[in-house]
Amino acid sequence: MRLLVVEDDADLNRLLVGALKDAGYVVDSARDGEEGHFLGETEPYDAVVLDIGLPQMDGVTVLEKWRKSGKTMPVLILTARDRWSDKVAGFDAGADDYVTKPFYTEEVLARLRALLRRASGHATSELDCGPVRIDTRAAKVTVNGNPVKLTSLEYRLLAYLAHHQGRVVSRSELVEHLYDQDFDRDSNTIEVFIGRIRKKLGINVIHTMRGLGYRLAAPGEGAQTDALR
Ligand code: CA
């Protein structure tokens, strides 16, 4: 999952980006409204944390512009404690949720998890695919209850497919959502990571759709439980 943080306060920006990266997300950040607007307009984010009081362009305007141009990613706005009118303006502009400053980063993380799973139609933080369970709160994966050790990139890849369960996800989409903007992207490495994940899970729940991409079996579909060597 790739996120964007738009916050002009340098310390707060660093704090948020650090906490989100620690939680396993890929994070880009901007320090003013214009840059934030540009990034949200040109890069595919799974969710955005957007401060309302920003230089160059305020957060409400940024959000209005995104929505007007058809950008539907979930947006969590950050508002000052005494500015209730910011919340109203933010929701009217298309915000999905808000957090009031000062906040605990845990609350921001929990609200983002909720936004991400709602955007993908999941009701809980645990995503199941046959015997494979992805706990998005703890960033942990189990198969039949047994923990599986994945690297952070492997986890991100599996979690992205799980959030889009049942749909074919192309390699280029995966690359765009798994690496930040500065990363040297090579879509061929995705296949290598898919292979490693399959091996670690020990069962094949990720189906290769030749020429199209990958697809994680939908919940009701039943996993293809043939063992892999
Ligand atoms: Ca601010």
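Trainee: Why does Gly 53 count as partly exposed?
Mentor: The model is a predicted one, and in it Gly 53 has a relative accessibility of 46%. Buried would require under 20% and exposed over 50%, so Gly 53, at 46%, is called partly exposed.

Trainee: What makes Asp 51 buried?
Mentor: Its relative accessible area is 4%, and because buried means under 20%, the word applies to Asp 51.

Trainee: Which residues coordinate the calcium ion, and how do you know that they are donors?
Mentor: The calcium ion is coordinated by Asp 8 and Asp 51, each through OD, and by Gly 53 through O, at 2.2 to 2.4 Å. The limit for Ca is 3.2 Å, so these atoms qualify as donors. Along the sequence, the donor residues follow the spacing D-x42-D-x1-G. Since water is not among the atoms, the site may look incomplete.

Trainee: Why are β2 and β5 described as standing at the edges of the sheet?
Mentor: The sheet is open, with five strands in the order β2-β1-β3-β4-β5 and parallel pairing. β2 (26-30) and β5 (97-101) each have a single partner strand, so one side of each is left without a neighbour in the sheet. Direction ignored, neighbouring strands of this sheet are turned by 20 degrees against each other on average.

Trainee: How do you know that β1 and β2 pair?
Mentor: Pairing asks for at least two bridges, and β1 (residues 2-6) and β2 have five in the parallel sense, so the two strands count as paired. Within this pairing, Leu 4 stands opposite Asp 28 in β2.

Trainee: What makes the span of α5 close to the expected one?
Mentor: Helix α5 has 15 residues and reaches 21 Å from its first C-alpha to its last, which is close to the 21 Å expected at 1.5 Å a residue. This helix (residues 105-119) lies across β1, β3 (47-51), β4 (75-80) and β5, and runs at about 175 degrees to β5. The buried residues of α5, among them Val 108, Leu 112 and Leu 116, pack against β1, α1 (10-22), β3, β4, β5 and α6 (152-163). Just after α5, Gly 121 takes a positive phi of about 80 degrees.

Trainee: Why is the contact of Arg 111 with Asp 97 called a salt bridge?
Mentor: The closest N and O atoms of Arg 111 and Asp 97 are 2.9 Å apart, and because the rule asks for a side-chain nitrogen within 4 Å of a carboxyl oxygen, the pair qualifies. Arg 111 lies in helix α5 and Asp 97 in strand β5, so the pair ties together parts that are 14 residues apart in sequence. Arg 111, at 29% relative accessible area, is partly exposed, whereas Asp 97, at 10%, is buried.

Conventions
Residues numbered from 1 in each chain as written. Predicted model: local features only at pLDDT ≥ 70, side-chain atom pairs only at ≥ 80, totals over all residues. Heavy atoms only, no water. Helix = DSSP H or I, 4+ residues; strand = E, 2+ residues; numbered from the N terminus. Axes fitted to C-alpha atoms, helices over the stretch in contact; angles between N-to-C directions. Contact = heavy atoms within 4.5 Å. Donors = N, O, S within 2.8 Å, 3.2 Å for Na, K, Ca; no water. Buried < 20%, exposed > 50% of the residue type's maximum accessible area, 1.4 Å probe, protein only. Expected span 1.5 Å × (residues − 1).
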